[in-house]
Amino acid sequence: MDVSAAAALGAGIAAGLAALGASLGNGNVISKTVEGIARQPEAKSSLQATMFIGVGLIEALPLLTWVVALLLMFTK
């Protein structure tokens with residue numbers, strides 16, 4: 001296996017695992033937010049704002065992984 005094939009394989013695995021981790025993280029954050037809203041409906045706006053910040057931070061991981069994967073694939 002040459003270096004470019006190994007880089008492509010590593011990039012694909014990294015992007016897939018990052019997407020899996022982000023989906024699990026988003027599911028946890030959103031489910032806990034729904035539970036919190038169910039317990040204290042008056043705190044809905046505060047909980048939603050915090051949830052959106054958390055989801056944004058979680059989604060940064062796959063985007064950064066995608067950039068690193070592209071750098072691995074196209075640098076020689």
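The model is predicted, so local features need pLDDT of at least 70 and side-chain atom pairs count only at pLDDT 80 or more, while totals for chains, interfaces and linings use all residues. Residues are numbered from 1 along each chain as its sequence is written, and side-chain values use heavy atoms, leaving out hydrogens and water.

Helix α2 covers residues 44-74; helices here are DSSP runs of H or I with at least four residues, numbered from the N terminus. The expected span of a helix is 1.5 Å times one less than its number of residues. For the 31 residues of α2 this gives 45 Å, and the end C-alpha atoms are 45 Å apart, which agrees.

Within α2, M51, G54, V55, P62, T65 and A69 are buried. Buried means under 20% relative accessible area, exposed over 50%, and partly exposed in between, with a 1.4 Å probe and protein chains only. Helix α1 (3-39) is included in what covers these buried residues, where contact means heavy atoms within 4.5 Å. V68, also in α2, is partly exposed at 48%.

Helix α1 holds K32 and E35, three residues apart, about one turn of the helix. Their side chains meet in a salt bridge at 3.9 Å, N to O. A salt bridge is a side-chain nitrogen of Lys or Arg within 4 Å of a carboxyl oxygen of Asp or Glu, and by this rule the count is one. K32 is exposed, with a relative accessible area of 55%, whereas E35 is partly exposed at 37%.

Methods. Helix = DSSP H or I, 4+ residues; strand = E, 2+ residues; numbered from the N terminus.
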